[in-house]
Amino acid sequence: MSFVSHLYRRFAHLFHELAAFGTIGVLNFIITIGISDTLHLGFHVGPLTSFGVGTIAATTFSYFANRFWTFRHRDRSGLGREYVLFFVFNGVGLVITWVFIGFTHYVLGIRGGLAFNVSQIVGTGVATLFRYWAYKKWVFLPPAAPPVDPHTGLPEAAEPVGGDAAPPPPRVPAGQAVKRDR
């Protein structure tokens, strides 16, 4: 087996997850940029407000697309909990991108459409790295491990190796002595 195919087999789940996350990210980027450019360049709404409105519109699509495609194999911890955390982390991502847009527009004084779009692209790239990490860490939790049998230390559904393992010791209520055969 070649080194590359071995790496692919080992990390296939991660490659698929990143591909789905990236595809959704591209669609969200189109939604966000379309709305923010329309508002800022077409209707002369401020750059931060325009990007904020575009981000909020794309976030709902992003949540459902990531929940039911990218991270569908992960445990569900409740729509309300996930949705709130998703919005919180998207809010942090929004602030990260605002820093780039605000710096370009207000600090550097570059106010053209190209500068606005470049600052959105760079800021969104940095924010995307943060969001991917945060979603995996706190929003879409890893699948839960099966319960462990306290006697064998094995998952409850698993059989002991060899199949003829000794039965677990009897449980003795607290405070009672164990009778031993002599």
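**Terms and their grounds**

Guide: Helices α1 and α2 pass one another in a right-handed crossing. The term applies when the near helix is turned clockwise from the far one by less than a right angle, and left-handed applies when the turn is anticlockwise. This is a predicted model, in which local features need pLDDT of at least 70 and side-chain atom pairs count only at pLDDT 80 or more, while totals for chains, interfaces and linings use all residues. Residues are numbered from 1 along each chain as its sequence is written, and side-chain values use heavy atoms, with hydrogens and water left out.

Visitor: How many helices and strands does the protein chain have?

Guide: The protein chain has four helices and zero strands, and its elements run α-α-α-α from the N terminus on. Both kinds of element are DSSP runs numbered from the N terminus: helices (H or I) need at least four residues and strands (E) at least two.

Visitor: Why is α1 called roughly antiparallel to α2?

Guide: The axes of α1 (residues 3-43) and α2 (residues 47-70) cross at roughly 155° and come within 8 Å. Axes are lines fitted to C-alpha atoms, for helices over the stretch in contact, and angles run from 0 to 180 degrees between N-to-C directions. Angles over 145 degrees count as roughly antiparallel, under 35 as roughly parallel, 65 to 115 as roughly perpendicular and the rest as oblique. The crossing angle therefore makes α1 roughly antiparallel to α2.

Visitor: What classes of residue make up the contact of α1 with α2?

Guide: That contact has 15 nonpolar, eleven polar and one charged residues. Nonpolar covers Ala, Val, Leu, Ile, Met, Phe, Trp, Tyr, Cys and Pro; charged covers Asp, Glu, Lys and Arg; the others, Gly among them, are polar.

Visitor: What makes the pair of Phe64 and Tyr83 tilted?

Guide: Rings of Phe, Tyr and Trp (its six-membered ring) pair if their centres lie within 6.5 Å; planes under 30 degrees apart are stacked, over 60 edge-to-face and the rest tilted. Phe64 and Tyr83 are 6.2 Å apart centre to centre, with 40° between the planes, and this makes the pair tilted. Phe64 lies in α2 and Tyr83 in α3, so the pair ties together parts 19 residues apart in sequence. Both residues also belong to one aromatic cluster, whose other members include Phe21, Phe68 and Tyr132.

Visitor: Is Asn90 buried or exposed, and how do you know?

Guide: Asn90 has a relative accessible area of 7%, and is therefore buried. Buried means under 20% relative accessible area, exposed over 50%, and partly exposed in between (1.4 Å probe, protein chains only). Asn90 is placed in α3. Leaving aside residues up to four places away in sequence, Asn90 touches Thr59, Arg131 and Tyr135, where contact means heavy atoms within 4.5 Å.

Visitor: Which helices do the buried residues of α4 pack against?

Guide: They pack against α1, α2 and α3 (79-107). Among the buried residues of α4 are Phe116, Arg131 and Tyr135.
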